[in-house]
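The following note is intended for a colleague who is meeting this structure for the first time. Please read each numbered point with the structure in view.

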Amino acid sequence: MTAEKDLHTLLATMRPDLRDGEYVYALWPHGKPLAGAIAAAVREAEGLTVVLPRAEADSLGLSYDFVAAWITLQVHSSLEAIGLTAAVSAALTEAKISCNVLAGFHHDHLLVPVADAERALEILHELVAANGEHKPAPELVLRSEEPADRPAILALTAAAFAISPVTGQHVDGEPEEVKLLARLFECAEYLPEFSIVAELDGEIVGHVISTRGWAGELELLGLGPIGVAPRLQRHSIGTALMNETVARANAAGERGIALLGSPEYYSRFGFVPSTSLGVAPPEAGWGAYFQLLPLAVWPGGVSGTFRYAGPFSG
């Protein structure tokens, strides 16, 4: 693979990826053989500096001050390329984010303060977009899921939920959302028109499913899981999937949509705590996180506990 030298091309095509975990700089003890998961090392006259996962440094008893998130610029940049690190550093500097750059043979790597990781990713995505404006933006296509899409949807869901939305920690093994989704595809409550994919340049980059649920005898929709490719999160794909679901539900004469999620996020679509509409969550401890969107034909006077499709109880 030929390394790219053109700055505009590099900026337009780079893909910033956030590595899992936290990283630190530490001085390696003089004369001690290298050990542990060291990701980078620089030898100076004063000693050997290593970059390694924070947990590894703690286990080895190494001291450190700066705790960083590691972002890799996924573009094969030439070591002779001019201006890439300057452009990236300038953009982050303008946002008042400190940045330490490590150049590898294939990629450049940025170590930014952990607290600034999400903002740094946003800045880098904006830099990509600004340099790609001369190209027609690919159109996001929203369509119903087809059986042939399912392997791609399950792989997308595994990537989207590799970090638990509950704990914020990396999930060991296959996320539960993947197993749940596979069962929802096969259950009696599956509704084909409410399994929706988002497609970009022929690639499935997002998916949402709503299945039949009930509050007492009233038929409702139970939404979830919803997933977006990690590299494209915070790019409005989730919003597009939500709006498409609401539009389809209204067109089909559905009464309401229930979900478990962040009130801060889902309130923008009109969701309110389900109890305010007379519907109790399946688990009392869910409280305000279990929400309901009353649609155009919401009947009012509803009472009961929400019941999800069968696979949710598994």
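1. Asp-201 has a relative accessible area of 69% and is therefore exposed, the threshold for that term being over 50%. The model examined here is a predicted one. Asp-201 sits in the loop that links E9 to E10. Its phi is positive, near 55 degrees, although the residue is not a glycine. Most residues other than glycine have a negative phi, and the backbone at this position may be inspected with that in mind.

2. Which residues touch the most other members of the largest nonpolar core? That core has 37 residues, and the ones in question are Val-205, Ile-237, Leu-241, Met-242, Ile-257, Tyr-266 and Phe-271. Two or more residues each come from helix H5 (150-160), helix H6 (176-186), strand E9 (195-200), strand E10 (203-215), strand E11 (218-228), helix H7 (237-251) and strand E12 (256-260). The most is given by H7, with 5 residues. As general background, nonpolar side chains in soluble globular proteins tend to be buried together.

3. Neighbours up to four places away in sequence aside, Phe-271 touches Met-242, Ile-257, Leu-259, Tyr-266, Gln-291, Leu-292 and Leu-293. One of these, Leu-292, is 21 residues from Phe-271 in sequence, yet the two C-alpha atoms are 5.2 Å apart in space.

4. For H7, the end C-alpha atoms are 21 Å apart; this agrees with the 21 Å that its 15 residues should span at 1.5 Å a residue. The buried residues of this helix are Ile-237, Gly-238, Ala-240, Leu-241, Met-242, Thr-245, Val-246, Arg-248 and Ala-249. After H7 comes Gly-253, with a positive phi near 75 degrees.

5. Helix H5 has as its buried residues Arg-150, Ile-153, Leu-156, Thr-157 and Ala-160. Viewed down the helix axis, these fall within an arc of 120 degrees, so they line one face of H5. An α-helix has 3.6 residues a turn, so residues three or four places apart point the same way. What, then, covers the buried residues of H5? The cover includes H6, E9, E10 and E11.

6. The loop between H5 and H6 contains Ser-164. With a relative accessible area of 15%, Ser-164 is buried. A polar atom of its side chain lies 3.1 Å from the backbone nitrogen of Thr-167. Setting aside residues up to four places away in sequence, Ser-164 touches Gln-169 and Val-171.

7. Strand E12 is largely enclosed by the rest of the structure, because 4 of its 5 residues are buried. E11 and E12 run parallel and are joined by 2 bridges. Within this pairing, Gly-222 has Ala-258 in E12 as its bridge partner.

8. Strand E11 also contains Pro-225. The peptide bond joining Gly-224 and Pro-225 is cis, with omega about 0 degrees. Most peptide bonds are trans, and a reader may wish to view this one directly.

9. In which sense do E3 and E4 pair? Strand E3 (residues 40-44) and strand E4 (residues 47-53) are antiparallel, with 5 bridges between them. Together E3 and E4 make a hairpin, and 2 residues lie between the strands. Across the pair, Ala-41 is opposite Val-50 in E4.

Key:
Residues are numbered from 1 along each chain as its sequence is written. This is a predicted model: local features need pLDDT of at least 70, side-chain atom pairs count only at pLDDT 80 or more; totals for chains, interfaces and linings use all residues. Side-chain values use heavy atoms; hydrogens and water are left out. A nonpolar core is a set of buried Ala, Val, Leu, Ile, Met, Phe, Trp, Tyr and Cys residues joined through side-chain atoms within 4.5 Å. Buried means under 20% relative accessible area, exposed over 50%, partly exposed in between (1.4 Å probe, protein chains only). Contact means heavy atoms within 4.5 Å. Two strands pair if DSSP finds at least two bridges between them. The expected span of a helix is 1.5 Å times one less than its number of residues. A polar contact is a pair of N or O atoms within 3.5 Å; within protein, one must be able to donate a hydrogen and the other to accept it, and residues adjacent in sequence count only if both atoms are side-chain atoms. The arc is that of the directions from the helix axis to the C-beta atoms.
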